[in-house]
Amino acid sequence: MPHTHNHMNTIVPRTIFPSSSSSAAAASSFHFLGPAKAKAQWKIGKRPPRRLVLGVAASFLDQLGRMATGLFSSVTASARTKSNVEQVLKNVEWPENFPFKAEDFQRFDESPDTFFYSEPRFVTHIDDPAIRALTKYYSEAFPPSDTPGVCLLDLCSSWVSHFPAGYKQDRIVGMGMNEEELKRNPVLTEYVVQDLNVNPKLPFEDNSFDVITNAVSVDYLTKPMDVFKEMERILKPGGLAIMSFSNRCFWTKAISIWTSTGDSDHVWIVGSYFHYAGGFEPPQAVDISPNPGRSDPMYIVYSRKVATA
């Protein structure tokens, strides 16, 4: 399950789909017909064309965004103001049921992720200002260093977690895809090699962790609901989950609903994972982009596990 710390190929900025007239027409047709009728036009038993899937995802999310928040003017708009992004999850009227379908979690490259991570890659894929912004946010959100009994889990971890310099706890677990990278991560006290897209079950006891982080990798989860339900299970009551992301990804491994939508939509998508997983407080969004328009943007969607009475 990809994370953006060790990609074999060059990470590229988020690609917006659809880009062709045929895809735009497909999305337009879907918009007017509605999801059920548009899908019914596809031949039964035949997988829809990849670009059509992406166009449908974009149009569907646009409808959902308008219905739920009234904030999205266009799913293909790449420029978002900080206030707009941070308002996406305010007073959301969520659809009754989880709004995404299996095809929304398809990827252009469906080859095993273990192939993708067979060799370590000791590189980062957000720029230094974005990294500093994330580290600063962690420094303000984390429990103080060396707090007795505090445990952290870094999902989709690698050779660096972007935690504050010198940060320590008795237990900081990293879960990732490449053992050589995890061995090099100085903040970890232990690690687990596991592909969450194959096995989303987290090998930890209930109520084990105070904080769970996932840095610039939530867009690669093909079973996000399973993962978020597991996160809720292993967090302590009141425990904090922090999902951070930018507009950069390796688009062949990112899910189609991500590559076909924009920054505000991504906030809504991640917020929906928290909401429909259950057991979390209403998710909130923070724009920590250090230099809008001049360096990589950075966004946080976070929530806490509902505290027991």
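Start with A241. Its bridge partner in β9 is S303. This is a predicted model, so keep that in mind throughout. The pairing of strand β6, residues 235-245, with strand β9, residues 299-304, is antiparallel and runs over six bridges.

Now step back to the whole sheet. It is open, with seven strands and mixed pairing. Read the order as β4-β3-β2-β5-β6-β9-β8. Which strands stand at the edges? They are β4, at 190-193, and β8, at 284-287. Each has a single partner strand, so one side of each has no neighbour in the sheet. From one strand to the next, the twist averages 20°.

Next, the helices on the sheet. Helix α6, residues 128-141, lies across β5, β6 and β9. Its direction is about 165° to β6. Then α10. That helix lies across β6, β8 and β9. It runs at about 15° to β9.

On to α8. How many of its 11 residues are buried? Eight are, so α8 is largely enclosed by the rest of the structure. Here is the list: P224, M225, V227, F228, E230, M231, R233 and I234. Note that E230 and R233 are on it.

Helix α8 covers residues 224-234, and helix α10 covers residues 263-277. Their axes are 9 Å apart, and the packing angle is about 60°. That makes α8 oblique to α10. The handedness of the crossing is right-handed.

Who makes the contact? From α8, we have P224, M225, F228, K229 and M231. From α10, the residues are V270, Y273, F274, Y276 and A277. By class, the contact holds nine nonpolar residues, one charged and no polar. Look at P224, M225, F228 and M231 again: they are among the contact residues, and they are also among the buried residues of α8.

Last stop, T252. Where does it sit? In the loop between β7, at 248-249, and α9, at 256-259. Buried or exposed? T252 has a relative accessible area of 13%, so it counts as buried. Leaving out residues up to four places away in sequence, T252 touches R107, F108 and D109.

To recap on screen: find the A241 and S303 bridge, follow the sheet out to β4 and β8 at its edges, then turn to α8 against α10. Finish at T252 in its loop.

Note on methods. Residues are numbered from 1 along each chain as its sequence is written. This is a predicted model: local features need pLDDT of at least 70, side-chain atom pairs count only at pLDDT 80 or more; totals for chains, interfaces and linings use all residues. Side-chain values use heavy atoms; hydrogens and water are left out. Axes are lines fitted to C-alpha atoms, for helices over the stretch in contact, and angles run from 0 to 180 degrees between N-to-C directions. Helices (H or I, at least four residues) and strands (E, at least two) are DSSP runs, numbered from the N terminus. Angles under 35 degrees count as roughly parallel, over 145 as roughly antiparallel, 65 to 115 as roughly perpendicular and the rest as oblique. A crossing is left-handed if the near helix is turned anticlockwise from the far one by less than a right angle, and right-handed if clockwise. Contact means heavy atoms within 4.5 Å. Ala, Val, Leu, Ile, Met, Phe, Trp, Tyr, Cys and Pro count as nonpolar, Asp, Glu, Lys and Arg as charged, and the others, Gly among them, as polar. Two strands pair if DSSP finds at least two bridges between them. Buried means under 20% relative accessible area, exposed over 50%, partly exposed in between (1.4 Å probe, protein chains only).
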